[in-house]
Amino acid sequence: MNRALKRKSVAIIGAGIGGVATAIKLAKSGFDVTVYEKNSAPGGRASQMIREGHRFDLGATIFLMPEIYRDTFANLDIDLYEFIEFLPMTTLYQLYFDDGSVLDFTTDEKKMEAQLEAIEPGSYRMMKSYLAKGYGFLKLGLSRLLGRNFYRLFDFVNLSNVGLLIRLKAYLRHQTFVNRFFRHPHLQMAFTFQNIYVGQSPYEAPALFSMLPAAELLEGSMFPKGGMNRIVSRLVEYAEELGVSFVCNKPVAKILTENRRATGLLFEDDTRVAADIVVANADLPYVYNNLLPDKRPAARINKLNYSCSALVFHWGIDKVYPGLAQHNVFLSDQYRQCLDTIFKDKTLSEDFCFYIHSPVRTDSTAAPEGQDSLSVLIPVGHIDPAKNQDWNRIRSMARQGVINRLKKLGWKDLEDHIKFEICYLPGTWESMFHVSRGATFGSLGHNIMQMGYFRPHNRHNRYSNLYFTGGSTHPGNGIPLVLLSAKLTSERILKEQFTEPGPARNNFTTIGTLVHNRKQNGKQDY
């Protein structure tokens, strides 16, 4: 290891899972790494809350795509299954429909076959075909699109990748794609609602995202004992063993810059720190809008497509109601209307879909004995001042709608058994985690013009030592892709730190800006 590398300092803004994973990789490569976190503990949106013995994960609650976790942890020289204790799950979740029917989304093939054939004869065979296609998209996408850096435009825009995008069905909407396999609306819903994991609608998302249900059923799922936050807390412990410093309650006010370099950080308490390299794990649109001096890139980012938000109730319950699995999804027959209300009207329909997490079904440590910790997540539109968004009304409507639906399961006295209630609105995500527009699934959406090279890059175009990691840079939202982001950003830093990299052509690019630049500059390469 070059001695000069060991003296290089790295300041990371934000102790979310992307920032922590990046810190580990850089520390193992000889850098002096310090992570600055605005809140009182690391975790970001993978944080955890404990009240009266009830434990709640604040962000992700489902352990998706275990193979990506395994591979990205291996890149950090960590054996995932020795590092974290996992509890097995056969039923991934239960799906509840308006007619009272329930579908166990399970890796038990015989049970799955019996359920699907009872709904639509021949659908089990079609499911196998659908999953094979979706898993093929995942593997191809990881090797050619999601799992690599794009340093130049023509790394992404070339004849080979035109064929790739066709093979990934990037031109086809996910809902249109699933209709080729299933006729029954319940099955169409069952194999597309997973788009909400990354804050998007199957009526707008590309068919590539059939990789989500495919990964669930073919790779299976588990649950980390202690909750999803246990993954972050173990990574923090490991980072500290490597010499990484974590400074909490230290919000950043500004990234200091000089000429074409970031020189350090200015904090809200007016203290400063110098750094050779700055990595922003804070929400990328927030960084451009609030921490950097040039507002022109921010203005372009503000015009991009943003993902949805979520309204969440955390309930401490003094009893355990029968019937729920750990993960439960309540789907509405007004599926299209429900999603359009979220993504177009930026509000909540009367017949909305929602999700309930009850970890005590797998991990008894999540609540006092004989009690339950329920998290109810209702997807809603992100904050949009141009829309009529009365969040108090939406909150009341959502709460009553959930309680009414649960009464149909026999939970007549639910309100009598809620010990306490904590509600997170889109504004909560915005203030607590600096998530732009409260779009808690990851600010930026995933249409084809916001993927690959066209997604905001993981290195600033002007400041050659300022890097980004997290859901709003390449490759995208959700913990598995954020872990991939940390891997790719670390790779880029290690590739570029030996020599000074030239400025990237564009930090984010659209076809329109490419054509304009070409006309203005007469250049063939961007």
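Visitor: At what angle do helix 3 and helix 18 pack?
Guide: This is a predicted model. Helix 3 covers residues 66-75, and helix 18 covers residues 479-496. Their axes lie 9 Å apart. The packing angle is about 25 degrees.

Visitor: Is helix 3 roughly parallel or roughly antiparallel to helix 18?
Guide: The angle between them is about 25 degrees. Angles under 35 degrees count as roughly parallel. Therefore helix 3 and helix 18 are roughly parallel.

Visitor: Which residues of helix 18 make the contact with helix 3?
Guide: Helix 3 passes helix 18 in a left-handed crossing. From helix 3 come Ile 68, Tyr 69, Thr 72, Phe 73 and Asn 75. On helix 18 the partners are Ile 479, Pro 480, Leu 483, Leu 484 and Lys 487.

Visitor: Is Thr 271 buried, exposed or partly exposed?
Guide: Thr 271 sits in the loop between strand 11 (261-267) and strand 12 (272-274). Its relative accessible area is 33%. Buried means under 20%, and exposed means over 50%. Thr 271 falls in between, so it is partly exposed.

Visitor: Which side chain makes a polar contact with the side chain of Thr 271?
Guide: Set aside neighbours within four places in sequence. Thr 271 is then in contact with Lys 250, Leu 265 and Leu 266. The polar contact spans 2.9 Å, and the partner is the side chain of Lys 250.

Note on methods:
Residues numbered from 1 in each chain as written. Predicted model: local features only at pLDDT ≥ 70, side-chain atom pairs only at ≥ 80, totals over all residues. Heavy atoms only, no water. Helix = DSSP H or I, 4+ residues; strand = E, 2+ residues; numbered from the N terminus. Buried < 20%, exposed > 50% of the residue type's maximum accessible area, 1.4 Å probe, protein only. Contact = heavy atoms within 4.5 Å. Polar contact = N/O pair within 3.5 Å; in protein donor to acceptor, adjacent residues only side chain to side chain. Axes fitted to C-alpha atoms, helices over the stretch in contact; angles between N-to-C directions. Parallel < 35°, antiparallel > 145°, perpendicular 65-115°, else oblique. Left-handed = near helix turned anticlockwise from the far one by under 90°.
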